[in-house]
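Keep the sequence at hand as you read.

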Amino acid sequence: MTPSHQTDTLIQLFNQTFSNLRNTRLVCCEPEPIYRPADKECDYHRIIFAHGFFASALHEIAHWCVAGPQRRLREDFGYWYEPDGRSEERQLEFEKVEVKPQALEWIFSRSAHFNFHFSADNLEADTRPSDDFQQAVLQQVRDYLNHGLPDDAGRWSQTLLQHYRAGQPLQMAEFHL
(Lines give C-alpha, C1' and ligand atoms only; values in the text may rest on other atoms or scores of the structure.)
Protein backbone atom coordinates (compact mmCIF):
# COMPACT_ATOMS: atom_id res chain seq x y z
CA MET A 1 0.00 0.00 0.00
CA THR A 2 1.36 3.41 -0.99
CA PRO A 3 1.44 6.00 1.80
CA SER A 4 -0.94 8.89 1.14
CA HIS A 5 0.26 12.03 -0.56
CA GLN A 6 -0.30 14.48 2.26
CA THR A 7 1.68 17.69 2.17
CA ASP A 8 2.27 17.42 5.92
CA THR A 9 4.19 14.22 5.26
CA LEU A 10 6.17 15.87 2.48
CA ILE A 11 7.02 18.79 4.76
CA GLN A 12 8.15 16.43 7.50
CA LEU A 13 10.31 14.37 5.12
CA PHE A 14 11.92 17.44 3.55
CA ASN A 15 12.58 19.14 6.87
CA GLN A 16 14.08 15.98 8.38
CA THR A 17 16.37 15.70 5.36
CA PHE A 18 17.43 19.31 4.81
CA SER A 19 16.67 21.44 7.88
CA ASN A 20 20.04 20.80 9.54
CA LEU A 21 21.99 19.92 6.39
CA ARG A 22 21.05 23.02 4.35
CA ASN A 23 19.27 25.22 6.91
CA THR A 24 16.24 25.00 4.62
CA ARG A 25 12.63 24.13 5.38
CA LEU A 26 9.60 23.40 3.25
CA VAL A 27 6.71 25.66 4.25
CA CYS A 28 3.06 25.73 3.29
CA CYS A 29 0.99 27.82 2.20
CA GLU A 30 0.87 31.08 0.33
CA PRO A 31 -1.21 32.00 -2.74
CA GLU A 32 1.95 32.02 -4.90
CA PRO A 33 5.05 29.89 -4.41
CA ILE A 34 8.25 31.70 -3.47
CA TYR A 35 11.69 30.97 -2.08
CA ARG A 36 12.89 33.18 0.75
CA PRO A 37 16.46 32.98 2.02
CA ALA A 38 17.22 33.40 5.71
CA ASP A 39 17.06 37.02 6.82
CA LYS A 40 16.78 39.19 9.94
CA GLU A 41 13.24 37.94 10.60
CA CYS A 42 13.84 34.23 9.98
CA ASP A 43 17.11 32.37 10.52
CA TYR A 44 16.43 29.58 7.99
CA HIS A 45 15.72 29.43 4.25
CA ARG A 46 12.13 28.71 3.20
CA ILE A 47 10.74 26.96 0.16
CA ILE A 48 7.13 28.10 0.25
CA PHE A 49 4.67 26.23 -1.92
CA ALA A 50 1.21 27.28 -3.01
CA HIS A 51 -2.20 26.31 -1.69
CA GLY A 52 -1.06 23.10 -0.03
CA PHE A 53 -0.65 21.26 -3.35
CA PHE A 54 1.66 18.24 -3.33
CA ALA A 55 2.76 18.91 -6.93
CA SER A 56 3.54 22.56 -6.12
CA ALA A 57 5.84 21.46 -3.29
CA LEU A 58 7.69 19.01 -5.55
CA HIS A 59 8.05 21.68 -8.24
CA GLU A 60 9.44 24.28 -5.83
CA ILE A 61 11.87 21.74 -4.37
CA ALA A 62 13.04 21.01 -7.92
CA HIS A 63 13.79 24.72 -8.45
CA TRP A 64 15.73 24.74 -5.18
CA CYS A 65 17.79 21.75 -6.32
CA VAL A 66 18.61 23.43 -9.63
CA ALA A 67 19.45 26.79 -8.02
CA GLY A 68 22.59 25.73 -6.18
CA PRO A 69 24.26 27.39 -3.18
CA GLN A 70 24.84 30.92 -4.56
CA ARG A 71 21.33 31.40 -5.96
CA ARG A 72 19.88 30.05 -2.71
CA LEU A 73 20.99 33.29 -1.08
CA ARG A 74 18.61 35.35 -3.26
CA GLU A 75 14.83 35.66 -3.03
CA ASP A 76 13.23 33.37 -5.61
CA PHE A 77 16.82 32.45 -6.52
CA GLY A 78 17.09 35.72 -8.44
CA TYR A 79 15.32 34.10 -11.40
CA TRP A 80 13.32 35.90 -14.03
CA TYR A 81 9.61 35.20 -13.89
CA GLU A 82 6.82 36.58 -15.99
CA PRO A 83 3.26 35.80 -14.92
CA ASP A 84 0.38 34.40 -16.95
CA GLY A 85 -0.33 35.91 -20.33
CA ARG A 86 3.16 35.47 -21.77
CA SER A 87 3.63 35.95 -25.52
CA GLU A 88 4.65 32.96 -27.63
CA GLU A 89 8.24 34.23 -27.70
CA ARG A 90 8.38 34.67 -23.91
CA GLN A 91 6.74 31.27 -23.47
CA LEU A 92 9.59 29.66 -25.42
CA GLU A 93 12.08 31.40 -23.12
CA PHE A 94 10.11 30.12 -20.13
CA GLU A 95 10.23 26.56 -21.46
CA LYS A 96 14.02 26.71 -21.88
CA VAL A 97 14.56 27.53 -18.21
CA GLU A 98 11.94 25.01 -17.03
CA VAL A 99 13.51 21.88 -18.56
CA LYS A 100 15.70 20.95 -15.58
CA PRO A 101 13.18 21.85 -12.86
CA GLN A 102 10.40 19.90 -14.56
CA ALA A 103 12.72 16.94 -15.19
CA LEU A 104 13.53 16.86 -11.48
CA GLU A 105 9.87 17.32 -10.57
CA TRP A 106 9.02 14.31 -12.76
CA ILE A 107 11.72 12.24 -11.05
CA PHE A 108 10.49 13.36 -7.62
CA SER A 109 6.89 12.61 -8.60
CA ARG A 110 7.77 9.07 -9.69
CA SER A 111 9.95 8.66 -6.57
CA ALA A 112 6.84 9.47 -4.52
CA HIS A 113 4.60 7.29 -6.70
CA PHE A 114 2.70 10.43 -7.69
CA ASN A 115 1.41 11.51 -11.11
CA PHE A 116 3.41 14.14 -12.95
CA HIS A 117 1.93 16.71 -15.33
CA PHE A 118 3.93 19.02 -17.57
CA SER A 119 3.20 22.67 -16.91
CA ALA A 120 3.27 25.61 -19.28
CA ASP A 121 2.35 27.86 -16.32
CA ASN A 122 0.50 30.18 -18.69
CA LEU A 123 -3.18 29.64 -17.97
CA GLU A 124 -4.38 33.04 -19.20
CA ALA A 125 -2.96 32.36 -22.66
CA ASP A 126 -4.46 28.84 -22.58
CA THR A 127 -1.02 27.50 -23.48
CA ARG A 128 -0.14 23.84 -23.22
CA PRO A 129 3.44 22.59 -22.95
CA SER A 130 4.93 22.25 -26.43
CA ASP A 131 5.94 18.88 -27.82
CA ASP A 132 9.55 20.10 -28.05
CA PHE A 133 9.47 21.09 -24.40
CA GLN A 134 8.10 17.72 -23.33
CA GLN A 135 10.78 15.94 -25.38
CA ALA A 136 13.49 18.13 -23.82
CA VAL A 137 12.24 17.35 -20.31
CA LEU A 138 12.15 13.62 -21.09
CA GLN A 139 15.71 13.78 -22.45
CA GLN A 140 16.85 15.61 -19.30
CA VAL A 141 15.23 12.91 -17.14
CA ARG A 142 17.16 10.27 -19.12
CA ASP A 143 20.38 12.24 -18.70
CA TYR A 144 19.84 12.51 -14.95
CA LEU A 145 19.02 8.82 -14.60
CA ASN A 146 22.01 7.78 -16.72
CA HIS A 147 24.58 10.20 -15.27
CA GLY A 148 23.27 10.94 -11.79
CA LEU A 149 21.23 13.62 -10.10
CA PRO A 150 22.70 16.70 -8.44
CA ASP A 151 23.50 15.91 -4.78
CA ASP A 152 20.45 17.44 -3.10
CA ALA A 153 18.12 16.14 -5.82
CA GLY A 154 19.54 12.64 -5.42
CA ARG A 155 19.20 12.81 -1.65
CA TRP A 156 15.57 13.99 -1.99
CA SER A 157 14.68 11.33 -4.55
CA GLN A 158 16.10 8.64 -2.24
CA THR A 159 14.09 10.02 0.70
CA LEU A 160 10.91 9.85 -1.38
CA LEU A 161 11.71 6.36 -2.71
CA GLN A 162 12.27 5.03 0.80
CA HIS A 163 9.02 6.49 2.08
CA TYR A 164 6.65 6.00 -0.85
CA ARG A 165 8.01 3.03 -2.75
CA ALA A 166 9.59 0.84 -0.10
CA GLY A 167 12.99 1.31 -1.71
CA GLN A 168 11.93 0.23 -5.22
CA PRO A 169 14.38 1.97 -7.57
CA LEU A 170 13.26 4.16 -10.43
CA GLN A 171 13.15 2.50 -13.83
CA MET A 172 13.71 4.32 -17.13
CA ALA A 173 10.53 2.66 -18.45
CA GLU A 174 8.48 4.75 -15.97
CA PHE A 175 9.26 7.89 -18.00
CA HIS A 176 7.53 8.21 -21.35
CA LEU A 177 5.32 10.65 -23.18
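Let us begin with Ser111, which counts as buried because its relative accessibility is 0%; buried means under 20% relative accessible area, exposed over 50% and partly exposed in between, with a 1.4 Å probe and protein chains only. Please keep in mind that this is a predicted model, in which local features need pLDDT of at least 70 and side-chain atom pairs count only at pLDDT 80 or more, while totals for chains, interfaces and linings use all residues. Residues are numbered from 1 along each chain as its sequence is written, and side-chain values use heavy atoms, with hydrogens and water left out.

Ser111 sits in helix H3 (residues 88–111); helices (H or I, at least four residues) and strands (E, at least two) are DSSP runs, numbered from the N terminus. A polar atom of the Ser111 side chain lies 2.8 Å from the backbone oxygen of Ile107. Phe108 is also found in helix H3, and with 0% relative accessibility Phe108 counts as buried. The C-alpha atoms of Phe108 and Leu160 are 7.2 Å apart, although 52 residues separate the two along the chain.

The table gives the contacts (heavy atoms within 4.5 Å) of both residues, not counting residues up to four places away in sequence.

| Residue | Relative accessibility | Residues touched |
|---|---|---|
| Ser111 | 0% | Ser157, Leu160, Leu161, Tyr164, Arg165, Leu170 |
| Phe108 | 0% | Leu58, Ile61, Ala62, Cys65, Ala153, Trp156, Ser157, Leu160 |

**How H2 meets H5**

Two packed helices are described by the angle between their axes and the distance between the axes. For helix H2 (residues 54–71) and helix H5 (residues 151–164), the axes come within 9 Å and cross at roughly 150 degrees. That makes H2 roughly antiparallel to H5; angles over 145 degrees count as roughly antiparallel, under 35 as roughly parallel, 65 to 115 as roughly perpendicular and the rest as oblique. Axes are lines fitted to C-alpha atoms, for helices over the stretch in contact, and angles run from 0 to 180 degrees between N-to-C directions.

On the H2 side, Phe54, Leu58, Ile61, Trp64 and Cys65 meet Asp152, Ala153, Trp156, Leu160 and Tyr164 of H5.

**The sheet**

An open sheet of 3 strands has the order S1-S3-S2, with mixed pairing. Strand S1 (24–30) and strand S2 (34–36) are at the edges with a single partner strand each, so one side of each has no neighbour in the sheet. Two strands pair if DSSP finds at least two bridges between them. S1 and S3 run parallel and are joined by 6 bridges, with Ile48 in S3 as the bridge partner of Val27. S2 pairs with strand S3 (residues 45–50) in the antiparallel sense over 3 bridges; here Ile34 stands opposite Ile48 and Arg36 opposite Arg46.

Is S3 enclosed or open? It is largely enclosed by the rest of the structure, because 6 of the 6 residues of S3 are buried. His45, Ile47 and Phe49 point one way from S3, and Arg46, Ile48 and Ala50 point the other way.

Helix H1 (residues 7–22) lies across S1 and S3, running at about 145 degrees to S1. H2 packs on the sheet too, touching S1, S2 and S3.

**The whole protein**

The protein has 5 helices and 3 strands, and 45% of its 177 residues count as buried.

Notes. A polar contact is a pair of N or O atoms within 3.5 Å; within protein, one must be able to donate a hydrogen and the other to accept it, and residues adjacent in sequence count only if both atoms are side-chain atoms.
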